Amino acid sequence: MARPQKYNQPRVLNAASELFKTQGYRATSIEQLLDVTELSRSSLYHGFGNKEALYLMVIDHIAAQSAVLYRDLAKSNPPEVFLRAFFQCHYQDEFAHIPGEGCLLVNTVVELADTEPVLVKRALGYLSLAENTLAMYFKNAQKMGQMAKEKNPTSLAKFFMNTKKGLMVSVRHGTPLKELSSVIETALLILK
C-alpha cells in the first residue's frame, strides 16, 4: 500500500517554478529545491524524480496554467486587447518587473538549447502549441469580424509569438516591461 502524499503538488511545482525562473535550470541545485519546496530529499525524489523530471513537471504545470489563462483572455476580448494581455500576462500589473524572470518556456530554449535536448524539446512543443492556438484565435476573430480577412492568421501567430519570445528574453536580461511597452504597441500596429 502506497503512503499518502504529505505535500501539496501544485504548491511544490509553483515553488520550484519560481526558483527555476529566477535562477535558471543549471544554477538551481537540489538543495535549493529542497529548501523552497520544503520537501525531504526522499519525498522530492519519490514524488518528482530527479531535477530534470521535476523541471519537466514544472514545464507541464506552467503550460497548463498558461493555456487556461490564454483561453479565458481569448473568450471575451478582441484581438488588440487580448494581445496586449498576452504580452503582459507574466506580471501582476503591466509595469511590474521581477529581475531575472521571464517565460520559463522561452528561458528553457534560450538557456539550454545546447545541453538539455529533452527539456528544450518539451518547451518547444508547448511554444508550438501556443502558436497554433493563437492562429486559431485569429481565424475565429476574422469569422467574428474583429479582424481584417486579408490578414494571414498563421503568419500573425508566428509574428506575435516571436515578438513575445523577444520580450521575454529582454525581461530575462533585466529590461523592465514598462520600457518594452512601445515594442508591444508597435507590434499591435500590424492589426490595423
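This is a predicted model: local features need pLDDT of at least 70, side-chain atom pairs count only at pLDDT 80 or more; totals for chains, interfaces and linings use all residues.
**Overall fold.** I then went through the secondary structure. The chain has 9 helices and 0 strands. Reading along the sequence, I wrote down the pattern α-α-α-α-α-α-α-α-α. For the extent, I took the box along the principal axes. The C-alpha atoms fill roughly 60 × 40 × 30 Å.

**H2 against H3.** Next I looked up how helix H2 (residues 30–37) packs on helix H3 (residues 41–48). I noted an angle of about 95°. The axes are 10 Å apart. Angles of 65 to 115 degrees count as roughly perpendicular, and H2 and H3 are therefore roughly perpendicular to each other. Which residues meet there? From H2 I listed Ile30, Glu31 and Leu34. From H3 I listed Arg41, Leu44 and Tyr45. Sorted by class, this contact has 4 nonpolar and 2 charged residues, with no polar ones.

**Asn77.** I moved on to the loop between H4 and H5, where Asn77 sits. I set aside its neighbours within four places in sequence. Asn77 is then in contact with Phe82 and Tyr137. I also checked Asn77 against Ala141, which is 64 residues away along the chain. Their C-alpha atoms are separated by 9.7 Å.

**Aromatic pairs.** How many aromatic pairs are there? My count came to 11. I wrote out one of them, Phe87 with Phe160. The ring centres are 6.0 Å apart, and the planes are at 50°. That makes the pair tilted. Phe87 belongs to helix H5 and Phe160 to helix H8. The two are 73 residues apart, and the pair links distant parts of the chain.

**Largest pocket.** Last, I looked at the pocket. The largest one has a volume of about 630 Å³. I found 32 residues lining this pocket. Which of them are closest to its centre? They are Ser66, Ala67, Tyr70, Ala130 and Thr133. I then asked which helices each supply at least two residues of the lining. My list reads H4 (51–76), H5 (79–88), H6 (104–112), H7 (117–143) and H8 (153–172). By class, the lining divides into 21 nonpolar, 7 polar and 4 charged residues.

Notes:
Residues are numbered from 1 along each chain as its sequence is written. Side-chain values use heavy atoms; hydrogens and water are left out. On a 1 Å grid over the protein atoms alone, a cavity is a set of points where a 1.4 Å probe fits but cannot get out, and a pocket is an open set with protein on both sides within 12 Å along at least five of seven lines; lining residues have an atom within 4 Å of a point. Grid points are joined across faces, edges and corners, and a volume is the space filled by probe spheres set on the points. Helices (H or I, at least four residues) and strands (E, at least two) are DSSP runs, numbered from the N terminus. Ala, Val, Leu, Ile, Met, Phe, Trp, Tyr, Cys and Pro count as nonpolar, Asp, Glu, Lys and Arg as charged, and the others, Gly among them, as polar. Axes are lines fitted to C-alpha atoms, for helices over the stretch in contact, and angles run from 0 to 180 degrees between N-to-C directions. Angles under 35 degrees count as roughly parallel, over 145 as roughly antiparallel, 65 to 115 as roughly perpendicular and the rest as oblique. Contact means heavy atoms within 4.5 Å. Rings of Phe, Tyr and Trp (its six-membered ring) pair if their centres lie within 6.5 Å; planes under 30 degrees apart count as stacked, over 60 as edge-to-face and the rest as tilted.
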